[in-house]
Amino acid sequence: MTNRWGLTIPLTGVPLTEHRALVEQLPDLGYTDVWSAETAGTDAFTPLVLASQWAPQLRLGTAIVPVYTRGPGLLAMSASTLAELAPGRFVLGIGASSPVIVESWNSAEFAEPFKRSRDALRFLRSALAGEKVTESYDTFSVSKFRLERAADPAPSIMLAALRPGMLRLAAKEADGAITNWLAAADVPKVREVVGPDVELAARIFVCPTEDVAAARALGRMLISSYLTVPVYAAFHEWLGRGEQLRPMHEAWAAGERKKANEVIPDEVVDALVVHGSVDSCREQVQSYVDNGLTTPVLAVLPTGGDVFDQVRGLAPRR
């Protein structure tokens with residue numbers, strides 16, 4: 001399987017329209033992919049629409065689009081539109097997301113995430129192939145839906161997956177698995193579940209600075225924000241970090257946010273957030289690939305430096 005090297009766009013603090021100068025350079029630098037995210041910033045599709053025109057050589061991916069926040073038909077339409085703009089170069093990454101994003105921010109019910117993800121995956125397989133879909137799934141029903149502009153070829157679909165059940169579903173029914181908040185040493189455990197031939201992508205948080213204290217402070221803030229979410233807590237319990245993260249969870253549950261940050265061990269921060277010189281960061285990302293990751297997707301954290309220069313420096317060695 002061809003190894004890839006991806007970048008998360010848009011970059012923090014950079015206006016979307018200013019990305020063109022960098023995105024156009026990415027293929028020549030050695031990047032193969034750009035991937036978007038969708039929380040409370042840009043939506044997942046618009047940055048990739050722009051990138052599809054700025055750098056037609058790049059593969060484009062969403063990591064991820066929540067399966068609750070758009071209706072099934074709208075999700076199929078958005079995916080097919082981008083697939084038409086980038087024939088054979090678009091990967092639709094879908095996933096359950098989190099209760100905060102789904103319920104608190106989008107007023108939808110976060111119920112039965114495994115079944116909802118499975119049902120969305122099965123619907124999208126049929127709909128993106130141009131089929132007329134009338135089906136009662138466990139979590140929603142669709143009647144007589146057919147895309148008027150089904151892209152040819154249909155986009156690949158990858159599934160956000162953290163633990164064995166969802167990882168096995170991704171391996172069996174999707175075109176790959178997308179994971180998040182993974183250490184390089186964790187990759188073999190995930191790879192063991194999905195098997196050797198399934199594409200495995202992961203967003204990797206990269207903080208290119210030699211100011212260790214600053215990098216760890218930023219890392220701790222992100223870790224306490226993300227890993228206290230139940231699905232991520234369960235993921236790291238499965239990975240074997242339950243005891244290391246227990247003090248953080250206890251402090252967070254008690255409302256002691258500052259303490260929750262302080263009690264995260266340095267070794268956990270260093271495992272989950274890549275930091276150091278640009279050259280060191282590049283080599284640390286390469287260690288994920290060496291351990292079995294197919295597609296590292298760099299998420300460059302702000303350090304006060306020139307982020308475009310940092311992205312250029314983080315390009316893979318040839």
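## Basis of the description

Helices (H or I, at least four residues) and strands (E, at least two) are taken here as DSSP runs, numbered from the N terminus. The model is a predicted one, in which local features need pLDDT of at least 70 and side-chain atom pairs count only at pLDDT 80 or more, whereas totals for chains, interfaces and linings use all residues. Residues are numbered from 1 along each chain as its sequence is written, and side-chain values use heavy atoms, with hydrogens and water left out.

Ile-64 lies in the loop between strand 3 (59–62) and strand 4 (65–66), and the peptide bond that joins Ala-63 to Ile-64 is cis, with omega about 0°. A cis peptide bond also joins Asp-152 and Pro-153, here with omega about 5°, and Pro-153 belongs to the loop between strand 7 (141–145) and strand 8 (156–160).

Ser-107, although not a glycine, has a positive phi of about 55°; this serine, Ser-107, sits in the loop between helix 5 (99–104) and helix 6 (113–128).

## Domain division and annotation

The chain is divided into domain 1 (6–209 + 276–314) and domain 2 (211–273), with bounds that come from an automatic or database domain assignment. Taken over C-alpha atoms, the centres of domain 1 and domain 2 are separated by 24 Å.

An unreviewed UniProt entry places the feature "domain: Luciferase-like" at residues 12–294; UniProt positions are given in the numbering used here, feature names are shortened, and annotations may be inferred rather than shown by experiment. The span 12–294 is 47% helix and 17% strand, and its end C-alpha atoms lie 25 Å apart.

## Interface between the domains

With contact meaning heavy atoms within 4.5 Å, 21 residues of domain 1 are in contact with 19 residues of domain 2. Domain 1 and domain 2 bury about 1900 Å² between them, 70% of it on carbon and sulfur atoms, where buried area is the accessible area (1.4 Å probe) that two parts lose on being put together, summed over both. Of the area that domain 1 buries against domain 2, Leu-162, Trp-181 and Lys-189 supply 36%, more than any other three residues.

Across the interface of domain 1 and domain 2 the rule finds 1 salt bridge, a term that denotes a side-chain nitrogen of Lys or Arg within 4 Å of a carboxyl oxygen of Asp or Glu. The elements that give two or more residues to the side of domain 1 touching domain 2 are helix 7 (164–173), strand 9 (176–180), helix 8 (187–194) and strand 10 (199–207), and the largest share, 3 residues, comes from helix 8.

## Salt bridges

A search of the whole structure finds 20 salt bridges. One of the pairs joins the side chains of Arg-4 and Asp-33 at 2.7 Å, N to O, and this pair links distant parts of the chain, 29 residues apart, with Arg-4 in the segment before strand 1 (6–8) and Asp-33 in strand 2 (residues 33–36). In another salt bridge the side chains of Asp-186 and Arg-241 meet at 2.9 Å, N to O.
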